[in-house]
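Welcome, and please open your viewer. We will go from stop to stop, selecting residues and looking at what is there.

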Amino acid sequence: MIETKAAKEIEAAKPEAAKEPEAAWETAALTRKSYELRRDIIEMVYRSGAGHVGGDLSVIDILTVLYYRVMNVSAENPKDPGRDRFLLSKGHCADALYCVLGDRGYYEKQEAIETFSQYGSRFIGHPNTDVPGIELNSGSLGHGISVGVGMALAGKMSGQDYRTYVVCGDGEMAEGSNYEGMMAAGHYQLENLCVTVDVNGLQISGKTKDVLCSGDLGRKFAEFGFHVIEVEDGNDCGQLVRAYEEAKQVKGKPSVVIAHTVKGKGVSFMENTVSWHHGVLNEEQYRKAVGELEEAMK
């Protein structure tokens, strides 16, 4: 569900003489938005000298599709009891979420870009509820699914129709608490819960499969009673839209979107490079990254 403000923004991105079907130009607009947000992330990381830029760039398409196309949320009424809930369990990628929420109007985006990780700033290195639009202090990995289960179960018990969305990282799936949450989600048949795993294949100390291999995540979720949706290209907004629309139609069980992404997506020297899990850009790298992203937006 696109609220009015976001709908107007996406409508404005449609070319005057566009001949594509509506779904096609909407996907193109979402893709462009994701690259605009990548540009914001690079600015934020460069100014602050901090941030988990590789994961920010892998997850930003997921956040863009959720916040501009899928979720029922509103900056004008951020505490609406009927709002969809969003939890960034991989909280070290707060930079990306701050850019999205600022862009959606929860606060002045430029404040987040200019003060991220600075002394006295509310925009610290992990999501915190002092920031409008943040539902959970996260960053201690492995908690998002369990908290999401609680939120989804509360909605189901009270007869509310909001949905709960949780985004995890593939490295995070080594945390045992995830599996307790998954078991509870399946047991309570939480059709109003949708988990996304950002499978970018890398974590701080190397390839996820080498550090601690989680095996077939789709099979694991299925065994706990989830409807599993594999997204071959998790940086493709069109594929993501279709996945989340499918999840909304599922009855009697929770859903998981297994999104296969590229860490550092959109910046050539960062893509699939473990050293950019957390990296500081020098001026030359900053200019190169900005140039590539601005070229992609054309």
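**Stop 1: two crossing helices.** Select helix H3 (residues 53–70) and helix H10 (residues 237–249), whose axes come within 10 Å and cross at roughly 55°. Helices here are DSSP runs of H or I with at least four residues, strands are runs of E with at least two, and both are numbered from the N terminus. Axes are lines fitted to C-alpha atoms, for helices over the stretch in contact, with angles running from 0 to 180 degrees between N-to-C directions. H3 and H10 are therefore oblique to each other; angles under 35 degrees count as roughly parallel, over 145 as roughly antiparallel, 65 to 115 as roughly perpendicular and the rest as oblique. To see the contact (heavy atoms within 4.5 Å), show Asp 61, Ile 62, Val 65, Leu 66, Arg 69 and Val 70 of H3 with Cys 237, Leu 240, Val 241, Tyr 244, Glu 245 and Lys 248 of H10.

Before moving on, a word about the model. It is a predicted one, where local features need pLDDT of at least 70 and side-chain atom pairs count only at pLDDT 80 or more, while totals for chains, interfaces and linings use all residues. Residues are numbered from 1 along each chain as its sequence is written, and side-chain values use heavy atoms, leaving out hydrogens and water.

**Stop 2: another partner of H3.** On the H3 side, pick Asp 56, Val 59, Ile 60, Leu 63, Tyr 67 and Tyr 68, which meet H4 residues including Leu 97, Val 100 and Leu 101. Coloured by class, this contact shows 10 nonpolar, no polar and three charged residues (Ala, Val, Leu, Ile, Met, Phe, Trp, Tyr, Cys and Pro count as nonpolar, Asp, Glu, Lys and Arg as charged, and the others, Gly among them, as polar).

**Stop 3: the cavity.** Which residues line the largest cavity? Select Tyr 67, Phe 86, Leu 87, Leu 88, Leu 97, Pro 127, Gly 133, Ile 134, Glu 135, Leu 136 and Ser 138. A cavity is a set of points on a 1 Å grid over the protein atoms alone where a 1.4 Å probe fits but cannot get out, and lining residues have an atom within 4 Å of a point. Its volume is about 40 Å³, meaning the space filled by probe spheres set on the points, which are joined across faces, edges and corners. Strand E1 (residues 85–88) gives the largest share of this lining, three residues.

**Stop 4: H6 beside H7.** Select helix H6 (residues 144–158) and helix H7 (residues 177–187), packed at about 25° with axes 7 Å apart. That makes H6 roughly parallel to H7. Here the crossing is left-handed.

**Stop 5: Arg 39.** Finish in helix H2 (residues 22–48), where Arg 39 is found. Gly 291 is 252 residues from Arg 39 in sequence, yet 9.4 Å from it in space, C-alpha to C-alpha.

Key
On a 1 Å grid over the protein atoms alone, a cavity is a set of points where a 1.4 Å probe fits but cannot get out, and a pocket is an open set with protein on both sides within 12 Å along at least five of seven lines; lining residues have an atom within 4 Å of a point. A crossing is left-handed if the near helix is turned anticlockwise from the far one by less than a right angle, and right-handed if clockwise.
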